[in-house]
Amino acid sequence: MPPKRPIGRRMTSQRAEYRRLAQSAEVGVVTRGQLAVLAHNLPCTGLINATESHLLVTLINTAPGEAFEKAGRPIIFKSNQQLAFEINRSAGRVSRMLSSLFDTGLVTMQDSGNYKRYPVRSAGGLIVDGCGIDLRILIVRYRELDDLVRQAKAEKATARAALRRYSGALRNLRYVLATVADLSERARARQEARLERVVALVGTAAKASSGVLRRATALVEWFIERVLHLPRRPQVAAEAEAEAEESTCTYAENDMHKQTTTPDPIVNSNENRRSATAEQLSLLNAGSASQWAYETSLGRGSYQINQPKRLPHVVVALQDVLRAIPALRTYGFTLPRTWADLARLVPQMCCITGISDDARRCAVAQMGEQQAAVAIAVTLQKFDRQEVSSPGGYLRAMTDRAAAGELHLARSVFGLAARNLMETMN
């Protein structure tokens with residue numbers, strides 16, 4: 001014999017919990033007007049839509065004012081057909097919306113055996129119970145829901161302010177790029193490309209979070225300062241001085257240590273660094289990345305992270321990496337002071353370049369977290385210079401080179417650092 005179809009309203013543990021919570025309501029602490037205003041504002045929290053809010057306001061206004069006073073019972077006995085007429089929707093739509101409000105914890109339902117809605121009155125004519133739509137859960141959750149509304153309004157105001165500042169910063173940068181006369185065409189094209197990448201990362205500005213907009217605004221304002229050759233801000237200069245004190249400089253030495261960060265002199269070895277076994281300056285696409293990814297890992301620093309022992313160990317300082325990757329500052333990152341700090345920047349660098357989580361995990365598994373962080377930083381720099389069009393494919397090519405024992409990250413680090421120094425001098 002086939003099983004019988006379930007009869008009755010669908011019940012879940014959450015719905016049962018809401019019904020029990022409604023029975024604990026202290027009626028009289030919240031007025032009907034407060035609940036109506038709350039229901040009208042709830043769509044801004046995303047809990048319900050505008051039509052459901054309209055239905056909820058109608059339910060609240062249907063109950064008499066004394067139902068929300070002490071000893072009152074705010075229970076609605078109107079049928080779905082009558083509610084559908086009042087909000088100009090079908091009865092089936094009202095039934096579905098009531099179920100949604102029940103699931104959200106904004107109403108509860110007390111059903112009779114035949115689903116009829118009716119009140120149970122005392123000898124004095126007061127409603128003491130009944131089968132219908134119970135609004136007492138709103139009284140219990142009023143403070144919680146009101147806080148959600150206030151938070152949503154505050155976030156919206158913050159997002160609007162961030163959007164206005166972001167739009168103004170974009171307008172200012174575009175005006176500066178169009179009017180500054182002493183800016184070379186190459187520098188102008190590079191700044192315009194960086195601006196377009198920031199705009200692409202933000203996407204539709206009206207839908208972006210305030211945090212994303214603030215970060216993008218800071219980048220755009222920093223681009224403006226660079227184009228106008230403004231002096232660095234005091235906090236930025238202080239950070240640079242602190243980094244210089246901790247760094248191992250190419251041209252500085254003391255009685256404890258002396259180091260040259262590149263195996264070839266700057267002036268006499270340009271051709272060496274442009275050879276087939278060194279830094280490649282003509283990277284245009286990731287399809288040929290496997291032919292050029294001759295980088296190897298860094299092995300020096302105050303913090304070692306998951307470092308495979310079988311890979312070559314090349315002496316390169318963290319400050320060499322920072323000099324080779326100015327894109328870290330370009331995109332507003334806080335410059336790392338340890339290898340662990342650099343590893344923690346990896347997810348953000350992958351987000352900017354579009355490197356997938358799978359490509360990042362494969363690189364970490366093959367090279368270790370420290371070497372993978374350096375490889376991703378190098379990819380970020382080449383992406384910023386528009387030398388790599390598919391950063392994910394370029395990173396996978398370096399991972400394949402690491403598996404074959406042919407990865408030489410140090411050469412790329414030295415080459416990038418030398419190139420940045422030459423451009424600064426020019």
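1. Cys362 is partly exposed, because its relative accessibility is 32%. The model discussed here is predicted. Cys362 belongs to the helix 17 side of a helix contact that is taken up in the next points.

2. Helix 17 (residues 357-367) packs against helix 19 (residues 391-403), with the axes 9 Å apart and an angle of about 20 degrees between them. Helix 17 is therefore roughly parallel to helix 19, since angles under 35 degrees are counted that way. The crossing of these two helices is left-handed.

3. On the helix 17 side, the residues in contact are Asp358, Ala359, Arg360, Cys362, Ala363, Gln366 and Met367. Their partners in helix 19 are Gly392, Leu395, Arg396, Thr399, Ala402 and Ala403. Sorted by class, the contact of helix 17 with helix 19 holds seven nonpolar, three polar and three charged residues.

4. The loop between helix 18 (369-384) and helix 19 contains Gln386. Gln386 is not a glycine, yet its phi is positive, at about 60 degrees. Its relative accessibility is 48%, so Gln386 counts as partly exposed.

5. Asn88 is another non-glycine residue with a positive phi, about 60 degrees. Asn88 lies in the loop between helix 4 (80-87) and helix 5. With a relative accessibility of 64%, Asn88 counts as exposed.

6. Helix 5 (residues 91-104) also takes part in a helix pair: its axis and that of helix 3 (residues 50-62) come within 10 Å and cross at roughly 85 degrees. Helix 3 is therefore roughly perpendicular to helix 5, the range for that term being 65 to 115 degrees.

7. In this second pair, helix 3 contributes Thr51, Glu52, Leu55 and Leu59. Helix 5 contributes Arg93, Val94, Met97, Leu98, Ser100 and Leu101. The residues of the contact of helix 3 with helix 5 divide into six nonpolar, two polar and two charged.

8. On cysteines, the disulfide count is zero, with a cut-off of 2.5 Å between sulfur atoms. For Cys350, the closest cysteine sulfur is that of Cys351, 8.8 Å away, which is too far for a bond. Cys350 is buried, because its relative accessible area is 3%, under the limit of 20%. Cys362, by contrast, is partly exposed at 32%.

Definitions and conventions:
Residues are numbered from 1 along each chain as its sequence is written. This is a predicted model: local features need pLDDT of at least 70, side-chain atom pairs count only at pLDDT 80 or more; totals for chains, interfaces and linings use all residues. Side-chain values use heavy atoms; hydrogens and water are left out. Axes are lines fitted to C-alpha atoms, for helices over the stretch in contact, and angles run from 0 to 180 degrees between N-to-C directions. Helices (H or I, at least four residues) and strands (E, at least two) are DSSP runs, numbered from the N terminus. Angles under 35 degrees count as roughly parallel, over 145 as roughly antiparallel, 65 to 115 as roughly perpendicular and the rest as oblique. Contact means heavy atoms within 4.5 Å. Ala, Val, Leu, Ile, Met, Phe, Trp, Tyr, Cys and Pro count as nonpolar, Asp, Glu, Lys and Arg as charged, and the others, Gly among them, as polar. Buried means under 20% relative accessible area, exposed over 50%, partly exposed in between (1.4 Å probe, protein chains only). A crossing is left-handed if the near helix is turned anticlockwise from the far one by less than a right angle, and right-handed if clockwise.
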